[in-house]
Amino acid sequence: MGSSILQFCKRHHLLDFSAYLVLMVGGIILLLKGAEDQGYYWQWFRIPKFLYQFEDGRFIAGPILNGLKITLNITWISLILTYIIGLVTALMRLSNSLMARGIARAYLELTRNTPLLVQIFFMYFVVAPILDIDRFTAGVLALSLFEGSYASEIYRAGIVAVNKGQWEASYTLGLSSYQNYRYIILPQAIRRILPPLTSQAISLIKDSSLVSVIAIYEMTMNANEIASETFLVFEIFFTIAAIYLALALTLSRVVAYFEKRYRVVT
Amino acid sequence: MNTKEFGDYIIRVDNIGKTFDNGVVALKDFSTNIRRSEVVVLIGPSGSGKSTFLRCLNGLEEIDSGSITVDGIPLDDNKKNRLEIRKEVGMVFQHFNLFPHLTVLKNISLAQMLVRKKSRVEAEDETMQLLKKVNIAEKANVFPSQLSGGQQQRVAIARALAMKPKVMMFDEATSALDPEMIGEVLEVMKDLAVEGMTMVVVTHEMGFAREVSDWVIFMEDGMKVEEGTAEHFFSDPKMDRTKLFLSQIL
């Protein structure tokens with residue numbers, strides 16, 4: 001009898017799941033207890049109006065949603081640039097040209113070994129006046145260059161991982177380098193590097209909050225202002241954390257779907 | 001007796017040498033000439049330089065010395081010459097190297113469209129004819145992973161033939177196959193030989209070499225040990241090394 005219960009539990013991962021549940025509930029209880037002991041006065045009811053309001057039955061976005069719009073704008077433009085910069089840099093690193101390899105290497109070392117915050121300041125205070133670009137563009141550029149350097153290593157790993165035989169087959173058929181990359185190598189590499197590229201996109205969403213330091217009114221910047229005016233520090237920051245979480249989870253779900261759909265069996 | 005008619009020399013290889021970066025000498029002063037419609041089989045122990053020789057013929061490996069000419073075009077640093085030779089010399093690999101993300105139809109028609117500049121309809125028509133030729137027309141719309149090894153290799157042969165090459169090279173095309181699938185691939189290769197295709201074949205299939213080849217070259221340590229017609233080579237080898245090799249393999 002006892003052994004059959006144990007078997008049932010094993011089969012349904014019941015023990016495993018119970019342990020998980022106990023840990024999660026325990027964590028939440030501890031968190032709430034900690035907050036209570038602090039004597040913090042939670043005022044969640046004041047939060048919705050910072051998200052949205054209805055005036056005369058019309059929907060009006062609050063400062064957080066307005067900030068979210070800017071965050072999304074920064075993210076999608078930076079994401080496209082990140083993927084382009086990453087791909088170009090990866091191809092430069094793999095090229096036969098010493099100059100291309102040198103430039104790519106210098107760019108990678110510089111961006112990956114200095115803090116993003118410093119790069120954003122540098123872009124805004126040094127580069128932007130020279131190129132005459134606004135703060136939004138400067139922020140987007142700084143983010144794209146930073147994330148692009150990581151993306152390039154992901155691309156490079158994906159390209160190098162494509163079987164040598166694929167390069168040889170395409171070479172013997174007379175395909176040019178461009179055709180080889182376009183039709184043979186990249187379609188195979190991209191399918192493999194979709195998961196790490198998605199992680200990169202999620203990092204980008206989170207890192208976009210750093211451009212608030214050059215007074216771009218994205219979600220984190222607005223949240224900061226509200227928090228300092230209302231002292232609803234925890235409520236506001238938990239709220240935007242939940243929004244970042246929702247964005248990141250949605251993105252990984254979408255990518256997981258495509259990954260499954262376009263899987264290549266080698 | 002072999003009554004096959006051969007044309008002029010399509011491949012001229014003059015004293016080529018090749019040493020890999022790790023110091024291994026793959027080819028030493030290797031020379032040979034191959035005529036149109038001739039089937040040349042290279043045999044020898046592994047590491048003797050057979051595959052390297054094939055790979056040098058279409059520029060997959062760089063030679064360190066000597067010269068190679070294919071259909072009058074020198075294989076040199078000139079990119080245009082190289083591209084021309086790559087188009088004229090088809091290659092079939094041991095591990096097929098089909099493109100896993102493309103269907104059989106696309107595997108074969110892609111290069112026809114990109115390199116030979118055919119329209120999609122023309123390329124796909126040609127592809128279907130080739131698939132019939134290698135007895136696999138019903139698999140046009142499946143992916144390589146859904147095929148057996150023998151079927152994949154036949155697709156790879158069709159893919160190379162689609163470029164209308166003047167020379168076909170086979171680099172141990174049956175070595176990665178299950179025994180029961182070797183026959184179907186060898187059949188296709190025999191048909192090609194009968195049709196008069198110039199072929200350079202690296203193989204361990206001595207039956208095929210004996211039956212189909214016009215010229216056999218036995219290599220060891222990057223050098224030619226012995227060569228001759230299949231008839232002479234298999235029934236009356238001159239060198240002790242060749243005799244030993246044949247006694248081990250036959």
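This is a predicted model: local features need pLDDT of at least 70, side-chain atom pairs count only at pLDDT 80 or more; totals for chains, interfaces and linings use all residues.

Reply: Happy to! Between chain A and chain B there are 10 residue pairs in polar contact, counting pairs with both residues at pLDDT 80 or more.

On the side of chain A that touches chain B, the elements giving two or more residues are helix 8 (164-172) and helix 9 of chain A. Helix 8 of chain A gives the most to that side, with 8 residues. By class, the residues on this side of chain A divide into 9 nonpolar, 9 polar and 3 charged.

As for the extent of the interface, 21 residues of chain A are in contact with 24 residues of chain B. The area buried between the two chains is about 2,000 Å², and carbon and sulfur atoms give 63% of it. Within chain A, the residues that lose the most area to chain B are Tyr171(A), Thr172(A) and Leu173(A), which together make up 36% of what that side buries.

Now to the charges. Side chains of opposite charge can pair when their charged atoms come close. Across the interface of chain A and chain B, the rule finds 1 salt bridge. The side chains of Glu168(A) and Arg55(B) form a salt bridge, at 2.6 Å from N to O. Over all chains, the count comes to 24 salt bridges. One of the pairs lies within chain B, where Lys18(B) meets Glu61(B) with the closest N and O atoms 3.9 Å apart. This pair links distant parts of the chain, 43 residues apart: Lys18(B) belongs to strand 1 (residues 9-19) of chain B, while Glu61(B) sits in the loop between helix 1 (50-57) and strand 4 (65-70) of chain B.

Finally, back to helix 9 of chain A and its packing inside its own chain. The axes of helix 7 (residues 135-161) and helix 9 (residues 177-207) of chain A come within 8 Å and cross at roughly 145°. The crossing of helix 7 and helix 9 of chain A is right-handed. Their contact has 17 nonpolar, 3 polar and 3 charged residues.

Notes:
Residues are numbered from 1 along each chain as its sequence is written. Chains are lettered from A and ligands numbered from 1 in the order in which they are written. Side-chain values use heavy atoms; hydrogens and water are left out. Axes are lines fitted to C-alpha atoms, for helices over the stretch in contact, and angles run from 0 to 180 degrees between N-to-C directions. Helices (H or I, at least four residues) and strands (E, at least two) are DSSP runs, numbered from the N terminus. A crossing is left-handed if the near helix is turned anticlockwise from the far one by less than a right angle, and right-handed if clockwise. Ala, Val, Leu, Ile, Met, Phe, Trp, Tyr, Cys and Pro count as nonpolar, Asp, Glu, Lys and Arg as charged, and the others, Gly among them, as polar. Contact means heavy atoms within 4.5 Å. Buried area is the accessible area (1.4 Å probe) that two parts lose on being put together, summed over both. A salt bridge is a side-chain nitrogen of Lys or Arg within 4 Å of a carboxyl oxygen of Asp or Glu. A polar contact is a pair of N or O atoms within 3.5 Å; within protein, one must be able to donate a hydrogen and the other to accept it, and residues adjacent in sequence count only if both atoms are side-chain atoms.
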